[in-house]
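Hello,

Here is the structure we talked about. Please open it and keep it beside you while you read my notes.

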Amino acid sequence: MVKQAARYFEQKEESSGPAKKSNQKHQPSNAKGKKGFKWQPNDKKPNYKGSHKSRKEGSFEKKNAIPGLKTREETLNGSETLPDMKQSNQIKQEKQAAKNGGKEGSRKETRREKMLKKKNATLTPRGREETLNIPIDPAALLRHSRGERMDMEGVKTRFHKINEMRKDMNIEFATQQAARADILLHEEEGYLEADDGESTTNIAQREIVQHVDITTAAKHFNLELEFGPYRTRYTKNGAFLLLGGKRGHVAAFDWVRKKLLCEMNVMESVHDVTWLMNQTMYAAAQKNWVHVYDQNGTEIHCIKTMHRSVRLEYLPYHFLLNSAGENGFLSWMDVSVGQTVGNYNTRMGKVSVMTHNPWNAVTCVGGSKGVVSMWSPMMRDPLAKMLCHPVPITAIAIDPKGMQMATAGLDRRIKIWDVRQLEGPLETYNTNTAASEIELSQRGLLALSMGNVCEVYRRDNSSTEAQMKPYIRHRTNGPISSIRFCPYEDILGVGTAKGFVSLIVPGSGEPNFDTFEANPFQSRTQRQEEEVHRLLEKIPAEFITLNPAQIDEVDIPSAKARLEQKVKLLTMKPPKIDFEPRKRNRVSKAKLIKIKQNVKEARFRETANELRLIKEKLLAEDEAKAPAESADFIPLEPKSVLDRFKTKAKKKAAR
């Protein structure tokens with residue numbers, strides 16, 4: 001190539017003299033006679049492609065090309081035609097790959113390539129990406145369903161329709177997610193199954209203990225105590241048991257490990273006991289007042305506002321201790337701050353039947369007239385009343401989900417009610433004797449106590465009353481005073497006049513537990529963290545209502561109507577009075593007109609005085625609700641002696 005270039009320059013110097021004929025063919029560039037020529041080696045027409053810039057550069061190279069010397073593109077491509085832009089980019093990539101040692105992956109992507117790749121990714125149809133559709137069990141969907149969609153016929157505006165549709169979509173999504181999560185709950189409850197011709201009622205506890213594993217068999221035990229009858233209570237996670245005897249015996253222990261926390265005799269009668277936040281504190285309703293103890297048996301507090309209480313309940317989400325006294329008073333105390341929230345007279349006499357609804361924290365009280373009344377600490381009167389039996393009620397129980405309520409009366413009937421809709425009875429069972437205690441388990445089993453006999457029923461909607469037979473029956477050595485199902489365990493705790501018995505009831509407890517709600521295997525650190533979280537998430541007592549779902553909604557129509565009524569009263573004017581006096585004989589027309597005018601004025605003054613009193617009352621209420629001015633308050637416009645010259649309108653504006 002160097003020799004060819006040197007020969008070209010030598011020929012150019014020689015051509016400074018007379019012109020010589022060239023072997024190359026020269027043609028005018030176009031038919032119009034423009035100056036210039038194009039070089040066409042081997043009689044081939046040049047192939048110009050690419051952008052305008054590339055065509056111009058190619059023509060420049062052809063004009064100034066060295067005869068017999070190949071251009072850069074011809075050398076690389078092995079051809080004499082100019083490459084297009086794609087080919088030139090390909091050449092650059094090959095060069096870069098050659099510099100990198102043949103590794104194309106080490107080349108950095110340009111910004112334009114990244115943008116193109118991103119654009120192609122966004123334009124890729126979703127059909128290519130196959131999503132994994134997990135089938136959902138219809139039974140699980142039905143179990144977690146919250147009802148049908150809202151009917152949009154009554155919704156007028158498009159905005160509210162969109163909001164309601166969005167709510168329905170969120171509810172359906174939550175239902176599907178809850179149904180899908182059921183696949184993680186692999187544990188199932190087990191029940192006793194009898195052979196053909198036999199019944200599970202005849203299976204005794206000793207036979208069950210012989211055929212279960214060692215861990216479950218150790219959970220069946222019998223404590224013979226002399227200070228009964230005993231009231232029992234399990235903690236929320238079912239790990240600890242509290243016993244309270246009528247003769248003053250109080251004991252708290254880990255019933256699974258058989259490890260005693262404390263045991264003492266308070267030297268006075270104990271009517272009821274309950275755990276508070278966890279196993280570190282509990283309350284006992286003694287002879288005169290309610291006393292609070294720690295896990296070591298040390299008395300922490302004496303609540304004298306709860307006088308002669310016979311029943312105790314604890315609301316875990318509100319930190320409220322609820323008591324019912326012999327004088328018919330219901331009391332609520334916030335144990336986190338030690339303040340009394342409510343204290344009302346039920347006017348029902350001695351309250352010996354009481355429980356609380358875990359769903360809405362409403363206290364249910366059974367009366368001697370067969371009426372169940374529901375109470376809130378913020379209302380002096382009951383929220384609702386239900387006539388459940390025509391005779392006095394002996395026991396009440398509500399399932400842990402707060403959906404159904406079971407009542408027992410002296411008419412020897414057990415009735416199941418829908419406590420959310422206040423409807424029923426859904427089911428009715430007849431017994432040989434009136435039940436003194438009743439309890440519902442986490443899986444829907446129903447336990448009754450009649451004298452010294454305890455019966456457990458496995459409720460089945462397909463069976464009739466005649467086919468309903470006890471699932472398990474057990475006879476104790478003394479009258480039964482209390483029965484409690486242990487949470488997350490197939491155990492029924494029975495307190496009697498002579499001690500305590502722990503019975504194995506297969507299928508009573510929930511096999512899958514939520515550690516955020518209750519952890520049976522809770523450590524000390526987890527318990528401390530739970531206490532802090534519970535206190536931070538404490539629900540105020542003002543939110544205790546029949547329907548807790550209404551708390552997050554504002555009653556806009558009612559608030560708007562109240563505001564409009566207030567504005568109407570403040571801006572109301574005395575109405576026009578139409579009065580026509582009765583025509584009498586010997587009464588002139590002028591006198592009738594005067595009588596009419598006098599009556600109109602009198603009625604106008606009366607109406608104006610009434611409106612003035614109403615306005616003053618409303619203004620006084622607003623002033624009472626307004627915050628009082630502090631001693632350091634400085635008005636924007638100071639008062640002066642010249643204020644007496646202001647008009648009334650200016651004085652009102654200043655106020």
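**Charged pairs and the rest**

Start with the network: Arg231, Arg233, Asp272, Glu313 and Glu437 are linked by salt bridges. Keep in mind that this is a predicted model. Across the whole structure, a search finds 16 salt bridges.

**Glu172 and Arg149.** Glu172 sits in helix α7, residues 158–181. Its salt bridge partner is Arg149, with the closest N and O atoms 2.6 Å apart. Arg149 lies in the loop between α6 (138–144) and α7, so the pair ties together parts that are 23 residues apart in sequence. Their C-alpha atoms are separated by 9.2 Å. Glu172 counts as partly exposed because its relative accessibility is 33%. Arg149 is partly exposed too, at 47%.

**Asp334 and Lys538.** This salt bridge has its closest N and O atoms 2.9 Å apart. Asp334 belongs to strand β12 (residues 329–334), while Lys538 is in the loop between α10 (524–536) and α11 (556–570), so the bridge ties together parts that are 204 residues apart in sequence. Is Asp334 buried or exposed? Its relative accessibility is 10%, so Asp334 counts as buried. Lys538 is partly exposed, at 27%.

**Arg257 and Asp254.** Here the closest N and O atoms are 3.8 Å apart. Arg257 is exposed, at 69% relative accessibility. Asp254 is buried, at 8%.

Next, the surface. Arg582, Arg584, Lys591 and Lys594 form a positive patch. Lys594 is placed in helix α12, residues 589–625. With 56% relative accessibility, Lys594 counts as exposed.

Look in the loop between β15 (363–366) and β16 (371–375). Lys369 is exposed, at 68% relative accessibility. Which residues does Lys369 touch, leaving out those up to four places away in sequence? They are Leu387, His389 and Val391. Leu387 is 18 residues from Lys369 along the chain, and the two C-alpha atoms are separated by 8.3 Å.

Last, the whole chain. There are 13 helices and 28 strands. Of the 655 residues, 33% are buried. Take the contacts between residues at least 6 apart in sequence: 45% of them join residues at least 24 apart. The chain exposes about 44600 Å², and carbon and sulfur atoms supply 52% of that area.

Best wishes

Technical notes:
Residues are numbered from 1 along each chain as its sequence is written. This is a predicted model: local features need pLDDT of at least 70, side-chain atom pairs count only at pLDDT 80 or more; totals for chains, interfaces and linings use all residues. Side-chain values use heavy atoms; hydrogens and water are left out. Helices (H or I, at least four residues) and strands (E, at least two) are DSSP runs, numbered from the N terminus. Buried means under 20% relative accessible area, exposed over 50%, partly exposed in between (1.4 Å probe, protein chains only). Contact means heavy atoms within 4.5 Å. Accessible areas come from the Shrake-Rupley method with a 1.4 Å probe; for residues, only the protein chains shown count as cover. Patches are made of residues with over 30% relative accessible area and no salt bridge: like charges are joined within 9 Å, nonpolar side chains (Val, Leu, Ile, Met, Phe, Trp, Tyr) within 5 Å. A salt bridge is a side-chain nitrogen of Lys or Arg within 4 Å of a carboxyl oxygen of Asp or Glu. Lys and Arg count as positive and Asp and Glu as negative; His and the chain ends are not counted. The place of a charge is taken as NZ of Lys, CZ of Arg, CG of Asp or CD of Glu.
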